[in-house]
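Subject: Structure handover

Hello,

Here is the structure we talked about. Please open it and keep it beside you while you read the notes below.

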Amino acid sequence: MFVGHYGPSFAVKAAQPAIPLWLLFIAVQLVDVAWSVLILLGIEKARIIPGITASNPFDLYYMPYTHSLVAAILWSVAAGTLCKVLFGLRNWPVAAWIGTAVFSHWVLDWLVHRPDLPLYDDTMKVGLGIWNYPAIALALEAFLLFGGMLMYMRRTTAINAIGHFGPPAFGILMIVIQAYIFFGPAPNSPNELAVTALVSYIVFAAVIQWLDRQRRDATV
Ligand SMILES: [Zn+2]
């Protein structure tokens, strides 16, 4: 999953407006940020298959440190704790929301991945495999993204035209990028995929933070 991961970040922002939206954008992708770094370091591994194919669903990935269930829980606890220490978030429930945002990544990946997500280490791999139906997978990503965004848009109000039109326009752009990933050419190498992912996550977080500044909490 790619842009659908941002649905939970918008939902958490609607529930906890004090948490910066850029931080939530990184939180929901933290597992993939770590994955990208570990791919570039050669510690975790991925095999590129040309296009979307249901063949050989196993052994596409070796990613015990980021995408095993146990690892995802550890990343979530670590991220919540780190945010509490670094940002002095007022109380533990706020840190728990950040941990929940991080953990949402694994749950949503579990829906779409073919069975390549280990429960622990590199064994007992699970995944419901919605990716085998790209049109349905794309619709799910859009539903999650815009569902979360709707909660955020209701909780906040635009202070100018950019704040009004910016988030939906950005959402549409993200869906277009996602569709290109689904139906466009496959990346040339796992490293290329990792770099593209890292750059995307950072740019998306920067853009949404800028857009969020064009809106304010509607309840205060
Ligand atoms: Zn992932």
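Which residues does Val102 touch, not counting residues up to four places away in sequence? They are Ala27, Leu30, Val31, Trp75, Ser76 and Ala79. Please keep in mind that this is a predicted model.

The largest nonpolar core has 50 residues. Val102 is among those with the most contacts inside this core, together with Leu24, Phe25, Ala27, Ile98 and Ala101. In soluble globular proteins, nonpolar side chains tend to be buried together. Two or more residues of the core come from each of these elements: helix 1, helix 2, helix 3, helix 4 (69-87), helix 5, helix 6, helix 7 (161-183) and helix 8 (190-212). Helix 5 gives the most, with nine residues.

Next, the packing of two helices. Such a pair is described by the angle between the axes and the distance between the axes. For helix 3 (residues 30-40) and helix 5 (residues 92-112), the axes come within 8 Å and cross at roughly 75 degrees. An angle of 65 to 115 degrees counts as roughly perpendicular, so that is the word for helix 3 and helix 5. On the helix 3 side, the contact is made by Leu30, Val31 and Asp32, and on the helix 5 side by Val102, His105 and Trp106. Sorted by class, the contact has four nonpolar residues, one polar and one charged.

Now helix 1 (residues 6-15). Is it largely enclosed or largely open? It is largely enclosed by the rest of the structure, because eight of its 10 residues are buried. The buried residues are Tyr6, Gly7, Pro8, Ser9, Phe10, Ala11, Val12 and Lys13. They pack against helix 2 (21-28), helix 5 and helix 6 (134-155).

Last, two residues with a backbone angle to look at. Asp121 is not a glycine, yet its phi is positive, at about 45 degrees. Asp121 lies in the loop between strand 3 (117-120) and strand 4 (123-126). A residue counts as exposed with 12 or fewer other C-beta atoms within 10 Å, and Asp121 has 11, so Asp121 is exposed. Met124, also a residue other than glycine, has a positive phi near 55 degrees. Met124 sits in strand 4. With 12 other C-beta atoms within 10 Å, Met124 is exposed.

Regards

Note on methods
Residues are numbered from 1 along each chain as its sequence is written. This is a predicted model: local features need pLDDT of at least 70, side-chain atom pairs count only at pLDDT 80 or more; totals for chains, interfaces and linings use all residues. Helices (H or I, at least four residues) and strands (E, at least two) are DSSP runs, numbered from the N terminus. A residue is buried if 20 or more other C-beta atoms lie within 10 Å of its own, exposed if 12 or fewer, and partly exposed in between; C-beta atoms are placed from the backbone. Axes are lines fitted to C-alpha atoms, for helices over the stretch in contact, and angles run from 0 to 180 degrees between N-to-C directions. Angles under 35 degrees count as roughly parallel, over 145 as roughly antiparallel, 65 to 115 as roughly perpendicular and the rest as oblique. Two residues are in contact if their C-beta atoms, placed from the backbone, lie within 7 Å. Ala, Val, Leu, Ile, Met, Phe, Trp, Tyr, Cys and Pro count as nonpolar, Asp, Glu, Lys and Arg as charged, and the others, Gly among them, as polar. A nonpolar core is a set of buried Ala, Val, Leu, Ile, Met, Phe, Trp, Tyr and Cys residues joined through C-beta atoms within 7 Å.
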